[in-house]
Amino acid sequence: MADEVKSPAPPPPPEGEKKPTAEKPAAAAPAAPAKPAAPAKPEGPVPMPWTSPLVEKYRSQYGSGLDAQTYLGQNYFSVDRSLIPDILRLLRDDDQFDYCVDITAVHYPKREKQFDVLWNLYSYARNERVRVKTQIADGASIPSSVSIWPTANWLEREVYDMFGITFDGHPDLKRILLPDGWHGHPLRKDYGILQQDQEWVQINLGIESGQ
Amino acid sequence: MLTQFMSYIGSNLTPGSANNQLWALIYVFIIFTGVSVAVMAMNWLERKALAHFQIRLGPMRVGPHGLLQPIADAIKLMLKEDIIPAEADQFVFWIAPMIGLLAAFAVYTVIPFGPSQAVSDMNIGILFMLGVSSLGVLGIVVAGWASNSHYPLIGALRSSAQMVSYEVAMGLAVVSAILMTSLNAKGTGTLSMIGIVQAQQDQAIWFIFKFFPLGLIAFIIFAIAMIAETNRAPFDMAEAESELTAGYHTEYSGLRWSLFMLAEYAAMIAVSSIAVTLWLGGWMRPFPNFLQAPAWDLTFSLFPALTFFGLAAIAVIGVVRMPAHSFFRIQRIGLAGFAAVLGFIALLLLVIAVGGRSADANLAARFNQGIGYVYWFVLKVAVFMYLFIWYRATWPRYRFDQLMRIGWKVMLPISLSVLIVTAIVGVLVK
Amino acid sequence: MNPAMNSAVNAGMVPVATPWFFYVLAGLAVASGVAVITRRNAVHSALALIVTLLSVAGLYLMLYAPFVFAVQLFVYAGGIMLLFLFVIMLVNVERSSKERRFNRMWPVGLAAACALMALFVFAFVKGKALFPDRMISLPESSNTEQIAGMLYGEAGRMGQYTFAFEIASLLLLVAILGAVIMTKKKI
Amino acid sequence: MSVHSNDSMNEMSNLDLETPEKPYLDSNELIINMGPQHPATHGVLRVILKLDGEKVLGTECVIGYLHRGVEKIAENRTYAMFNPYVDRMDYVAAVSNGLGYCEAVEKLMNVEAPPRAKYIRVILTELNRIASHQLWLGTHALDIGAMTPLFYTFRDREEILKIFEKYCGARLTTHAFRIGGCQYETYAGFEKDVKNFLTHVAPKIDEYEALLTTNRIWLERTKNVGVISGADCIALGVTGPVLRASGVKWDLRKAQPYAAYSEFDFEIPVGTNGDTYDRYLVRMAEMRQSLRIIEQAVNGIPEGPIMGKVPKVIKPPVGEIYHSIEAPKGELGYFIVSDGSTQPYRIRVRPPSFVNLQALDMMVRGLLVADVIAVIGTIDIVLGEVDR
């Protein structure tokens, strides 16, 4: 143990993110033009197509359902909802994205498909991050990835709790941070910051209002 | 009444043996008060010592250096609302702390503070002690059950399993000490607490050093088992604060809770007394058989006075070192008064020690002797009390299965083999 | 030594208020014995049983049998009753207290109790000679030694009950081993 | 067991309750509610334990008692206004939280903090890592029954908090960094204070180890308790010292260096068994490594500005960014979606405690109640971060 602790040498190559597209130049280069433009409605860096053998492989397999882009050196796939369980499983099994960092969602109420659901993945072997995005409509469900990464369990529960997105095949999909009987999903844009479930508060806490 | 009172004075028998009920009552009263005061002092001492182990000051506000803290605590606990949970079994909940307290205090009837400084010298003294102290666990178990809550119940279960397991090792260690008492001309041992100490005196050796490693091993077994028996760290499974919130007394509050505390500390003093009696020569001063000259007698009889002088000196240092601020005026006066009381007691003891040095049977001499006995006994017990605090400050808590494993797989075989080897050696020596 | 005290010693351990103690202890034993079988709650019954055992222990002490008293305290009240409580606490007391206490077996029980009572009375009447009016008072101090002598023998001689005692301890050992084996699921 | 009614258990769902008709002499499971008020659940964690005697058959964590809706608040605050809020998540490592947030926003705006600011950030963050580990050690030891280390670690943590206080006026929720750099220049004597701390604390770490590392009871309580393999850690997304104690040599400071970490020489301590004891050793070694980093940083701290070129009104371009740092507890990530306005459109915090806590069930199954306490302590959760 003691020897283990003392031994140096980090096994994963640092700066691995450079592999697909060089991050530092990408981050530094647009910085220069972005600055002067900042006062006058900045455009900032724009997402650029992401090219790598990985993308080619998936594109040849799935074709139009998949779009790969890179922004500020961070890569992401925008995929069609129908591809979701397959592509996640392939990313883990074939491409060693064995660590599901995070699952979250973003609400765009004006869009037809209101929700972006995001999987933030990391590969220990490649030291590389990738995000997988998909759009779903309000009320639509999405396949659960608990069978792919056990860690998705609580993360999906939190997404369900906060956005009301249901995950098919989740072993125990229920609220995690809010109480079980709560109505409403607070991270939706139509849920006001002062809003609360008055009925729940009155029944369970015995007070008029939690504000 | 008066004759009964006067007749006992100067006797060298215990009130029980002298069949003097009045003095027995007086002794009971003295012991009850003494133990209660000792528990309070222990409470203060534990908080202070523990605090200093842990680089903090401990109680400092109530009285000089928190000296009045136990009194404040006692008053607070007495005035506190006494809550009985609605779902609890009222009667059992009410009676549980009494059982514990009764068992803890009943033991003191046979503890020999001196050859005649005990309520009674039962010829089954040590058995009585073990028997009654084993009743104490009933209070804990019943309290845990009556609270009708999960944590107390688990605490009670743990505690009952623990007590039963450690009582075995403890009993075997005690038996090996009792075996040693039979190494006399008559060939019969004794179970009497006073008899055990006298046997050590006759054999001119503390049983801890008898048959060298054997007595020591038995003593160590007992010393470990007694921590487990009193539910103290690192064996405080039954009230493991971080696991079971407070174990069996989670639901208790106020006076009832304080009774549990009183019982716990009283039991600690009681088991320490057993250890002192069985292995450390009880009331005997160091080397009573070798340093017998009157000069030595005088030297040792000065110890109580010196101890109190020392305490008074510490108090005086406290007075001197107290910051010169009007806020501390009352505290300084109080501490000075305390120092004066201690000094006065020391002077009194000095007078008695010097006045009672003639070996003839006058009252002062007997009184002086009695003080010596009680002093050395209490001093030895105090060492154990300090060890209890030390253990608590140093060690993490054992896990329950580890505790049971140690009890059954380590302590029991060792104590059994020590017992057998002691018996064999005892026969061979004869 | 003081003459007054000497006389007290010579008077020979006169117990205080003996009949009073006896009746209190006997009454307590009977009352708590009744409570043992009438309480609905098993824990209450167990506590009452402890009181019974303690009163009986007190009676032993009055009979100058301090060793038996201590063993009663140590083994029964302290050890066995603790295990009783341990088991009872694991049993669902709620349910047992709701159940009907006296089921159809009660006439049999009553008959058995009457028969036992009759046996006691018969033995008492028939064997009155065996029960002297006064106890043979053993000197208190040597009681334990005498028991030891009976059980283990003295001065190299086998005691009266040594063999029986050893057989009993062997039986207990067998019982313990049996219990251990039975609780071990896989042997 | 014979405890009568217990209504609080009705909400149990996936831990199947005992059958209603009990056998007369039964030994059915005992269900215990550990928390939310419990001395050893480090705040308001509630763990429902299904026990067979004292053996744990299953657990369910009920969290959210400290949920303050930090992510919702973020959407209603400007970027700069939200900065103090992140301190309240993992309040024992507030500096790390602030570093992660500031760097994420900087990355989104494509600015970079000047080197001096980066060095100050590294020094404070590593100090905070030591403080966090010290607090962990104290409470973990207290959970296992050793009272004394708590006070020793708090004594030394105090020195760190004093440096924080001198630097930015706050001890716990420091709000030490600003987007684009640091607001405050180091105070006069900062370097001396830090160097004093370095010489002062190194022997103190030995002191903690003297109390615990070879203590028999400590070894019995921690060895082979709460074992989790490296593969399980990865599958469960567990990061930080827990992952490293299971033998996976992965530290974001090395794998994807941020701030100025690429300039320092330090090692990643790893364990072999993935048990509670290894996690303890790894954290102790990490404290020493942090001292090394601080020493290098404080000796090599460059001169220069401490604030990058950041506009007064922070208005990142439309886009999204994920940035994560190695917080004391594991990977702390911020996912920020900007719609080009002054307020973030969405901020998602990837909390290490929350994800690591998920491994509790796997780690404690088959162990005893006392081990649950030890394992909760060893995961090192802060409920402020779990619940956000």
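This is a predicted model: local features need pLDDT of at least 70, side-chain atom pairs count only at pLDDT 80 or more; totals for chains, interfaces and linings use all residues.
Colleague: How are helix α3 and helix α10 of chain B oriented towards each other, roughly parallel, roughly antiparallel, roughly perpendicular or oblique?

Modeller: Helix α3 (residues 69-79) and helix α10 (residues 254-279) of chain B pack with their axes 6 Å apart and at an angle of about 135°. Angles over 145 degrees would count as roughly antiparallel and those from 65 to 115 as roughly perpendicular, with the rest beyond the roughly parallel range taken as oblique. The relation of α3(B) to α10(B) is therefore oblique.

Colleague: Which residues of α10(B) make the contact with α3(B), and of what class are the residues involved?

Modeller: By class, the contact of α3(B) with α10(B) has five nonpolar and two polar residues, and no charged ones. On the side of α3(B) the contact is made by Ala74(B), Leu77(B) and Met78(B), while the residues from α10(B) are Gly254(B), Leu255(B), Trp257(B) and Ser258(B).

Colleague: Is Ala266(B) buried or exposed, and which residues is Ala266(B) in contact with, leaving aside its neighbours within four places in sequence?

Modeller: Ala266(B) belongs to helix α10 of chain B. A residue needs 20 or more C-beta neighbours within 10 Å to be called buried, and Ala266(B) has 24 of them, so it counts as buried. Once neighbours within four places in sequence are left aside, the contacts of Ala266(B) are Val35(B), Val39(B), Ala104(B) and Phe105(B).

Colleague: Which are the edge strands of the six-stranded open sheet in chain A?

Modeller: The six strands of this open sheet in chain A follow the order β1-β2-β3-β6-β5-β4, and their pairing is mixed. A strand at the edge pairs on one side only, and in chain A this applies to β1 (48-49) and β4 (99-107).

Colleague: What is the bridge partner of Thr70(A) in β3(A)?

Modeller: Strand β2 (residues 66-71) and strand β3 (residues 74-79) of chain A pair over six bridges in the antiparallel sense. In β3(A), the residue bridged to Thr70(A) is Asn75(A).

Colleague: How many residues of helix α6 of chain A are buried, and what covers them?

Modeller: The 12 residues of helix α6 (residues 152-163) of chain A should span 16 Å at 1.5 Å a residue, which agrees with the 16 Å between the end C-alpha atoms. The helix is mostly covered, with 12 of its 12 residues buried, including Trp154(A), Arg157(A), Tyr160(A) and Phe163(A). Among the elements that cover the buried residues of α6(A) are β4, β5 and β8 (166-168) of chain A, together with α12 (352-357) of chain D.

Colleague: Why is one side of β6 and of β8 in chain D left without a neighbour in the sheet?

Modeller: The sheet is open, has the strand order β6-β7-β8 in chain D and is paired antiparallel. Because β6 (319-327) and β8 (344-350) of chain D stand at the edges, each has a single partner strand.

Colleague: At what angle does helix α3 of chain D run to β6(D)?

Modeller: Helix α3 (residues 94-109) of chain D lies across β6 and β7 of chain D. Taken relative to β6(D), the direction of this helix makes an angle of about 150°.

Technical notes
Residues are numbered from 1 along each chain as its sequence is written. Chains are lettered from A and ligands numbered from 1 in the order in which they are written. Axes are lines fitted to C-alpha atoms, for helices over the stretch in contact, and angles run from 0 to 180 degrees between N-to-C directions. Helices (H or I, at least four residues) and strands (E, at least two) are DSSP runs, numbered from the N terminus. Angles under 35 degrees count as roughly parallel, over 145 as roughly antiparallel, 65 to 115 as roughly perpendicular and the rest as oblique. Two residues are in contact if their C-beta atoms, placed from the backbone, lie within 7 Å. Ala, Val, Leu, Ile, Met, Phe, Trp, Tyr, Cys and Pro count as nonpolar, Asp, Glu, Lys and Arg as charged, and the others, Gly among them, as polar. Two strands pair if DSSP finds at least two bridges between them. The expected span of a helix is 1.5 Å times one less than its number of residues.
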